[in-house]
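Colleague: Hi! Could you walk me through a few residues in this one?
Modeller: Happy to, let's take them one at a time.

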Amino acid sequence: MTSTLSAQRPDIASPDLGSRTRRSRLWSVLSMSEVRWAALATVLFLAGGACQLLGAPAAVWWTLYLACYVTGGCEPTLSGLQALKEKSLDVDLLMIVAALLAASIGQVFDGALLIVIFATSGALEAFVTRRTADSVRALLDLAPERATRLTATGEEEVVVTADLVVGDVVLVRPGERVGADGEVVDGLSEVDQASITGEPLPVVKRVGDEVFAGTLNGTGALRVNVNRAAEDSVVARIVTLVEEASETKARTQLFIEKVEQRYSVGVVVTTLALFGIPLAAGAAFEPTLLRAMTFMIVASPCAVVLATMPPLLSTIANAGRHGVLVKSAVALEKFGTTDLVAFDKTGTLTQGTPRVSEIEPVPAAGMSSERLLSLAAAAERPSEHPLARALVTAAQQRDLPVPHSDDFTSTPGRGVTATVEGANVRVGSPAILDELERTCVEHVTEARTLVRELEEAGRTAVVVIVDEVPVGVLALADQLRPGAREAVAKLTTMTGRSPVLLTGDNELAARRLADEVGISDVRAGLLPDGKVTEVRRLQEQGHRVLFVGDGVNDAPAMAAAELGVAMGRHGSDLALETADAVIVRDELATLPKVIGMSRRAHRLVRANLVFAATVITVLVIWDIGWILPLPLGVAGHEGSTMVVGLNGLRLLARSAWNKADLT
């Protein structure tokens, strides 16, 4: 007990922990070969420059500069030669050729400067890629390597978390991280879920609640029943899908890569023309070669190539960190162009679990609402039916006593019967009223009136009979998903149009739900092909439709829409496979944030492209119309490449996600 309470809190970093973290981050950067070679090239360049300024023999600083060439240009040269073997022209090779030509005419300083800036730019690009990947893969490190598994006899055994299987029960002590996704079967504690959900405060977890691998347990001990294998946990699914998404290319990126080859060939041809034509006309060799080399450097599309993927991949990584798995860069682009959202109802806008919405005693019976619900919950408590759980939950939420029941029986399609406090209690469908028409006409008539009113309002009616007398009717409705109303309001603001509800439910139930969440366009009673028809009708009207659903019957509509999004927690396998994105924790509030993030990524891509193209244009015009010094051309070209790379990293920040739905 003492050791548990005295353990250092993980959110209070000691000086030693802080220094170890800084050393770890430094080593992470230095572990990249691009960074090490760039650093060594920079040191050699600075040493050569110092020797040159101090008047050292030319052989000394030439040797240092040439060593800079080797260290900073070796990897790009090998990469460029490999690309040439595959009949592709790599812009890296153009930079190396320019540096070597500069050295060949005695401009060894300018060539070394190009090598250093180019190597630094390559290191930055590698860092951007590593940072994007690490921000997601770091989630896997949250899950502990070992967990305490409880055997059938209650004994404890320490096992590797990867060996845990569905059905295992693990003990999570205070201060430990949860080893697997699962459901709490015993215990009460507060769990810090910030690493998975982003919630700033710990969440109380009790029996029946779900916990995620990698989250941090508080002061209470929990017994958790594993319900997902390690490879299917939330963090593992985030990593897998984000890595798959990283391998895809958005339309903008594909266009740039298609143009890049032709553009690079054009740069080479123009460079040769800028060198050959003036030379043939009698121009001096050295300044003509210098101008041609400068043109080749400043016209190379490095910054344009790097303008697209960092913002998109940073957005995918940030969304994955917050529980939205975007399967491809193409899907992310489509989020930003969505102008109409269509929702399924059950399991999407609602939780798919019924709740007691009204309690209506039969006037002639004279029973109170509290007594009516208490008896119904007592009769239903032994049942596993979803309606039964709804009745028991409603009684508990109202702090009503739920007496013990005996002689429980259940008849499919009719209801249940039990003895509660000496009375015979029946809870079932309105059809059981037919059996009582001759014995208590007044009670049956009033009960049927209540049933009709509730069903017309889109509710499911359950009749309660005590000692063969109808005493009341309970209304059940699907429970609205938390945050649904706010999500619909934000989507309406962002797209300029209220979402559409496409559901197979009846018109009354659908419109009642739509009124609750703020949707005006309701299309009810739809079979799966009917949802597809409605999606296509909206597309014919010029809308780019995003469809959100969870069931097998939603998969065709997801496939027909520009973008399909599935609810991940209870979504069917077919829906999850068909969808372009998955909301892992069924939090609808994340949907407008992803749309906002996608739009911001598009803006950054456009800004990057405009900036890169402007820099290239200005430098090219300067070089052709006047004389652009080689060092200035190198600095301008490589500097623009660094700027667009760092600009894309901005979307990895938590603040970018927090402000996403405000855009």
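This is a predicted model: local features need pLDDT of at least 70, side-chain atom pairs count only at pLDDT 80 or more; totals for chains, interfaces and linings use all residues.

Modeller: Let's begin with Ser598, which is in contact with Thr315, Leu332, Glu333, Phe335 and Gly336, leaving aside its neighbours within four places in sequence.

Colleague: Which helix does Ser598 lie in?

Modeller: Ser598 lies in helix α23, which covers residues 590-625.

Colleague: And is Ser598 buried or exposed?

Modeller: Buried, because its relative accessible area is 0%, and buried means under 20%.

Colleague: Okay, what about Val615, where is that?

Modeller: Val615 has its place in helix α23. Val615 is buried, with a relative accessible area of 18%.

Colleague: Why does Val615 count as buried at 18%?

Modeller: Val615 has a relative accessible area of 18%, and the cut-off for buried is under 20%, so Val615 counts as buried.

Colleague: What is Val615 in contact with?

Modeller: If we leave aside neighbours within four places in sequence, Val615 is in contact with Gly636 and Ser640. Val615 and Ser640 are 25 residues apart in sequence, and their C-alpha atoms are 7.1 Å apart in space.

Colleague: Changing topic: where does Lys345 lie?

Modeller: Lys345 lies in helix α14, residues 345-349.

Colleague: Is Lys345 buried or exposed?

Modeller: Lys345 is buried, with a relative accessible area of 5%.

Colleague: So which residues is Lys345 in contact with?

Modeller: Leaving aside neighbours within four places in sequence, the contacts of Lys345 include Thr350, Asp478, Asp505 and Leu513. Also among them are Leu501, Leu502 and Thr503, along with Ala509 and Ala510.

Colleague: Great, thanks!

Note on methods: Residues are numbered from 1 along each chain as its sequence is written. Side-chain values use heavy atoms; hydrogens and water are left out. Helices (H or I, at least four residues) and strands (E, at least two) are DSSP runs, numbered from the N terminus. Buried means under 20% relative accessible area, exposed over 50%, partly exposed in between (1.4 Å probe, protein chains only). Contact means heavy atoms within 4.5 Å.
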